[in-house]
Amino acid sequence: MQTTFPTVTVLDLPFVKTTAAALLPVLQQRISDRQNTFVVTANPEIAMYAHEHADYRDLLLSADFITPDGVGILDGAKILKQPLPERITGFDTLQALLAWGSDHHRSAYFLGAKPAVIAQLKPILARDYPGLVIAGIRDGYFQDAAPIVADIEAQQPDMVFAALGFPKQEQFIHQHRHVTKGLWMGVGGSFDVLAGAVVRAPKFWQDHHLEWFYRTVKEPKRLKRIAVIPHYLHLVRQQAKRQQ
Ligand code: UDP
């Protein structure tokens, strides 16, 4: 981890104690400086998976920034009496970087989601981010990573967004990030949302920290995600007791 921001460790992961407004210019500066950067946006499901899989935890710890993507992480930090100011989600960070990239003619590589989603995404990116250079855009259902990595290396994009779901996206980034000097970030299901294939919760639900509830009702297969929360909070409480 770099040391621009203080961190709060929830379970095993050091989360940056900052706001999106403060983080974004740091990321943009690193992109402009051609500094290789790995951003992880972690929710409780990722934190639990990392807690149970040491290999995955270690590769997350090699990231430059781990942000709290989920109200459960904020709740955990509160239990530890080291509150974090706000969620910094993968989706919002992606959108902010794309808007900035469009304004400054930066290049981005998009890897992930289903072929049909990618087909929908292409015209949406061209419409919404006209100044952005699309260095590459391909679906996430590949057998062989080698030609994709070779393409990323050849294109040298400023930003690489991997929408492969966890743990795959972070494993992919950890393994290949050094082929460019750009920023790499795992963005989960964000391409589905950008392409309009999945609808994000209305602002009311987001503002009331109920996006998880809204999305679970719409997509019951997400239930497994919130099922980890009680165990996760139990482990954080144990951590809090050990730290007292
Ligand atoms: N995905 C992919 N390749 C795979 C598995 C998944 O590209 O081998 C994509 C999937 O189509 C979806 C995203 O990864 O767009 C994962 O979305 P999900 O909502 O499950 O992830 P989360 O947002 O929870 O990380």
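A pocket is defined, on a 1 Å grid over the protein atoms alone, as an open set of points where a 1.4 Å probe fits, with protein on both sides within 12 Å along at least five of seven lines. A molecule sits in a pocket if more than half of its atoms lie within 2 Å of the grid points of that pocket. In the present structure, the space taken by the ligand is the largest pocket. The model is predicted, so that local features need pLDDT of at least 70 and side-chain atom pairs count only at pLDDT 80 or more, whereas totals for chains, interfaces and linings use all residues. Residues are numbered from 1 along each chain as its sequence is written, and side-chain values use heavy atoms, with hydrogens and water left out.

The ligand is surrounded by 14 residues, each with a heavy atom within 4 Å of it. The closest are Gly140, Tyr141, Lys168, Asp192 and Arg225. Polar contacts (pairs of N or O atoms within 3.5 Å) were examined next. A backbone N or O atom of Gly140 is 2.8 Å from a nitrogen atom of the ligand. Of the 550 Å² that the ligand exposes when taken alone, the protein buries 75% (Shrake-Rupley method, 1.4 Å probe).

Lys114 is located in the loop between strand S5 (107-112) and helix H6 (115-128); helices (H or I, at least four residues) and strands (E, at least two) are DSSP runs, numbered from the N terminus. Leaving aside residues up to four places away in sequence, Lys114 touches Asp139 and Tyr141, contact being heavy atoms within 4.5 Å.

Most peptide bonds are trans. Phe166 and Pro167, however, are joined by a cis peptide bond, with omega about 0°. Pro167 belongs to the loop between strand S7 (159-163) and helix H8 (168-176).

Definitions and conventions. A polar contact is a pair of N or O atoms within 3.5 Å; within protein, one must be able to donate a hydrogen and the other to accept it, and residues adjacent in sequence count only if both atoms are side-chain atoms. On a 1 Å grid over the protein atoms alone, a cavity is a set of points where a 1.4 Å probe fits but cannot get out, and a pocket is an open set with protein on both sides within 12 Å along at least five of seven lines; lining residues have an atom within 4 Å of a point.
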